[in-house]
Amino acid sequence: MSKKKIVKKISPCIGVCKLDAKSNLCVGCLRSADEIAKWPQLDNQKALKIMEEIKYRYLAEKVSN
């Protein structure tokens, strides 16, 4: 019997899954619908790049409110 190594992919998801109609970003994780759909196929380098972009989205959202 072979054992598969389970690798958990990083994710900004916080379980609040609702797209904002105006921005097309998830109100919970600030990913776009396209990013959410492609997330399982991304390698960690691309996922980390998007997570870095999310930081700036979060800051921009705070400034505009």
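Trainee: Which residues does L42 touch, not counting those up to four places away in sequence?
Mentor: L42 touches K9, A47 and I50. Keep in mind that this is a predicted model.

Trainee: And which residues make up the largest nonpolar core?
Mentor: That core has 6 residues: L30, W39, L42, A47, I50 and I54.

Trainee: Next, D43. Where is it?
Mentor: D43 is in the loop between helix 1 and helix 2, and helix 2 covers 44–64.

Trainee: Buried or exposed, or in between?
Mentor: D43 is partly exposed, because its relative accessibility is 41%, and buried would mean under 20%.

Trainee: What does its side chain sit beside?
Mentor: A polar atom of the D43 side chain lies 3.2 Å from the backbone nitrogen of Q45. Also look at I10. It is 33 residues from D43 along the chain, yet their C-alpha atoms are 9.9 Å apart.

Trainee: Switching to charges. How many salt bridges are there?
Mentor: The structure holds 5. One of them joins K38 and D34, at 3.3 Å from N to O.

Trainee: How far apart are K38 and D34 in helix 1?
Mentor: They are 4 residues apart, so about one helical turn separates them. K38 is partly exposed at 44%, and D34 is partly exposed at 45%.

Trainee: What does E35 pair with?
Mentor: E35 meets R57 in a salt bridge of 2.8 Å, N to O. E35 lies in helix 1 and R57 in helix 2, so the pair ties together parts 22 residues apart in sequence. E35 is buried, with a relative accessible area of 13%.

Trainee: Which residues are in the salt-bridge network?
Mentor: E35, K49, E53 and R57 are linked in it. K49 is exposed at 54%, while E53 is partly exposed at 29%.

Trainee: What about S32? Buried or exposed?
Mentor: S32 is buried, at 17% relative accessibility. It sits in the segment before helix 1. Leaving aside neighbours within four places in sequence, S32 contacts N24, L25 and R57.

Trainee: Last one. Which residues make the nonpolar surface patch?
Mentor: I14, V16 and V27 make it, and it covers about 270 Å². V16 is in the segment before helix 1 and is partly exposed at 42%.

Methods:
Residues are numbered from 1 along each chain as its sequence is written. This is a predicted model: local features need pLDDT of at least 70, side-chain atom pairs count only at pLDDT 80 or more; totals for chains, interfaces and linings use all residues. Side-chain values use heavy atoms; hydrogens and water are left out. A nonpolar core is a set of buried Ala, Val, Leu, Ile, Met, Phe, Trp, Tyr and Cys residues joined through side-chain atoms within 4.5 Å. Buried means under 20% relative accessible area, exposed over 50%, partly exposed in between (1.4 Å probe, protein chains only). Contact means heavy atoms within 4.5 Å. Patches are made of residues with over 30% relative accessible area and no salt bridge: like charges are joined within 9 Å, nonpolar side chains (Val, Leu, Ile, Met, Phe, Trp, Tyr) within 5 Å. Accessible areas come from the Shrake-Rupley method with a 1.4 Å probe; for residues, only the protein chains shown count as cover. A salt bridge is a side-chain nitrogen of Lys or Arg within 4 Å of a carboxyl oxygen of Asp or Glu. Helices (H or I, at least four residues) and strands (E, at least two) are DSSP runs, numbered from the N terminus. A polar contact is a pair of N or O atoms within 3.5 Å; within protein, one must be able to donate a hydrogen and the other to accept it, and residues adjacent in sequence count only if both atoms are side-chain atoms.
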